[in-house]
Amino acid sequence: MQDLSSPFTGSPRGVAGLRGVTKQFGGTVALSDASFDLMPGEVLALLGENGAGKSTCVKLLAGVHQPTRGEVHIGGEPVTLRSPLDAQRMGIAVMHQHPGLFADLSVAENLFMGRQLKSPLGALDHRRMHAEAERLLETVGLSCAPRTPLGRLRSSEQQLVEVARALSVQARVLIMDEPTAALTTREVDRLFDVVAQLRTRGVAMMFVGHRMEEIYSVSDRVAVLRDGRIVEVAPVADMPHDRAVRLMIGRPLSDLYPALAPPAGPVVLEVEQLGRDGAFEDVSFDLKAGEILGIGGLVGSGRTEIARVLFGIDRPTSGHIVLAGERRVFASAAEAMEAGIAYVSEDRLGQSLVMDFGILTNATLAVLDQVKRAGLVNREAELRAVTPHLDRLRLRYRSYDQPISDLSGGNQQKVVLSKWLATGPKVLILDEPTQGVDVQTKAEVHAMMADLARGGMAIVMISSELPELLGMSHRVLVMREGRVSGAFDRSEATQESVIYAATDAGRATAAASAPRIDATVPEATATATAERGTAARRLSAALPRRELGLLVVIVAVVLGVSLLNPRMLSASNLSALAMDTGLLLIVALAQMLVLLTRNIDLSVASVIGLSAYVAAALMRSHPELGTGVAIGAAMGVGLACGLVNGAIVTYGGVPAIVVTLGTLAMYRGLDSMLASGSQVSADQVPASWLEVSSRSMMGLPATAWFALAAALAVGLGLRYATVGRDVYAIGSNPDGARLIGIPIGRRVLAVFCIAGMLAGFTGAMWASRYATIDSRTAFGFELTVIAAVVVGGVAIRGGSGTVLGVVLGVVALLLIRNGLVLLRIDPLWLQAVYGLAILAAITIDAVVTRRANQPRRVTRSLA
């Protein structure tokens, strides 16, 4: 962790900045002739509407993009930042708008990914990283164990991890791109305390945001962007709010919070003593047609959990929901939608949008049944369904087919809102509806909400922004620690009353002259919370893991089959099982490496067959060369195949499933050409070659020892080598890995090459083990390999899996196969069993992952 108190001695001129920079993407000019400087010990705020060019400026300084014209300068000298890694080496740390974090990895690994701490021997020092992580997390006020998987944290907590990661760099420049969008007021205060410390060190900082109060409280100068151009740079004292807004949008801004008409409709929604274990309890309210009910409180207080229950995502454990006078129990979100409820999630990227789809496709996802004609989606019907809503919100776009990922955050949010409005809901739930959007978009969203309310729609709005909560609500409900702590009519609600209700500041600091969001939670409450957290962690640690389940399966199979056929435990059967396990394990490790990077290798059996034939044919024709040469030749064949696969995937940009499906046939065809219908039999190769795999050492055949050595090497490499952790990061979040400078192309190519070599080695052992080799060797074996890896817990989606799990998966599958043979069940059942095993494993993985990654409820001390 960097020492926040150490002085920074920098040049009196700008530490970093842009000079005359223009950035074009195809024919689109994102930034035009932009120039500004970041001065030591100063915060420059970058203001502008969504799409004005702010994120482009951030990515130019972060090394993600390079200027079309102009230059980036560091310390007054022009530099070329070819990658984020170059920027990091130049002392530039970035808090990105959408954190490039890795949900499958621990919090500590996320903090140090790309620049891990190492021991004197060069291995990753996990203990030291955990210790440093604890200090970093304390600095930003996040209470969680460094070993906690990041996916279990809430979006606001993940943002704090991004803040802590930026602080862990010895930065000369700190760029904050929307760092507070998902933070509570108290968390923002903690972040600004850190900024104040960095200011004393002389760190140059740039702050990109939309919350004007925050910008003016933390910044020294303001640079205003409009339509890709910097229109003015001035000290904060010379740039009042209204002038900044006028410069941003080119005209005065109408009222941000429009007048709300009093709700005159009947009660649409009643919530009676609603609760969900571990999330919230005893929540009651009613909602009229035309009313906006605001729900406030700290993150973790139960606000979002209520919304998830109302929309049918989660089930309540107590209480009732009454919709239009009828008591309802929603078993799914689909049922809630049919009943007329719509939910705009706070996580628009993860839960509301498909980033590779176009605008129109995203906007009609919730109404596909309404836009079909004769079973096919009709474009005209799509346009009729969503165009009115997109036009009302003034969406900025080139074409309705434009990928949603090309839009700014504010325009993405407009598409999300339009998607749910197209369903014609009776009740609209908005969770942080203006999070991360500019002031103009915020005004448009508020105007839309007021218009919808006037039209009779009932709206529940969850917001962390007190001005929005007070300005856009008829009534305000405040949550604290899973319970309703206050309810206020519009005329009664004030910032002080809401803060007191959300934090218990009124009782904890009754003598305070002004309310503070960082008030201390009563000691008894904090102690109880800590005890609940400890108990939860102990319970979580005691839950069975995938490996334990596989062990149970293995024991059950062995005991069950042994009772019916004692041959299961005979020495000859166990020896054969050990050799088969060795063969499958080596190639399963190869498949594991590929899957971890979010790829797949369907050609693995063809590679085994080709390398096996090459090794056996070499021993037949040149026995004097020795077994080592034959093994080397087989591994060379595997390396060449892996290189071809990896190069096409990496540099050709072709999906791995397509590439390896093609090379599966290509390598098998090459094998057939070499064999020309002949085979290599046991009497044509030297005895030494046949003994390579079968030679016994300490009761285990050599193949098993080779497999154990490979498992140990792969396990240690994945755990203690930087490259190994990079592999997990690439599979978990490729875009995030790219942002922090991990060379994805080289890593994926290396993985395919290593996998090819392991498959080649398996081919050599296969030729030694089975002696008779022809062009059909290992035919169809790829299904067995994939089944073993997936059953062992390696996620098809990438980024998750362990070597131990793969070992147990291999053993479990082979024991099942062996048991079927011993029980004289038709071998044709094997393929069906493997297929079922794959489906079961993927289903279990999806369920376990979804439950494990559900955000934990965190109630922290606010001191």
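Strand 13 (residues 292–297) pairs with strand 20 in the parallel sense over four bridges; strands count as paired if DSSP finds at least two bridges between them. Strands here are DSSP runs of E with at least two residues, helices are runs of H or I with at least four, and both are numbered from the N terminus. The model is a predicted one, in which local features need pLDDT of at least 70 and side-chain atom pairs count only at pLDDT 80 or more, while totals for chains, interfaces and linings use all residues. Residues are numbered from 1 along each chain as its sequence is written, and side-chain values use heavy atoms, with hydrogens and water left out.

How much of strand 20 is buried? Five of the five residues of strand 20 (residues 458–462) are buried, so the strand is largely enclosed by the rest of the structure. Here, buried means under 20% relative accessible area, exposed means over 50%, and partly exposed lies in between (1.4 Å probe, protein chains only). In a regular strand, side chains alternate between the two faces of the sheet. In strand 20, Ala458, Val460 and Ile462 lie on one side and Ile459 and Met461 on the other, and all are buried. Helix 14 is likewise largely enclosed, because 13 of its 13 residues are buried.

Turning to charged pairs, the count comes to 24 salt bridges, each a side-chain nitrogen of Lys or Arg within 4 Å of a carboxyl oxygen of Asp or Glu. One of them joins glutamate 42 to arginine 221, with the closest N and O atoms 2.5 Å apart. This pair links distant parts of the chain, 179 residues apart: glutamate 42 sits in the loop between strand 2 (28–38) and strand 3 (43–47), and arginine 221 in strand 9 (residues 221–226). Glutamate 42 counts as buried at 18% relative accessibility, and arginine 221 counts as buried at 17%. Another salt bridge brings together aspartate 220 and arginine 199 (3.3 Å, N to O). Aspartate 220 is partly exposed at 30% relative accessibility, and arginine 199 is partly exposed at 26%.
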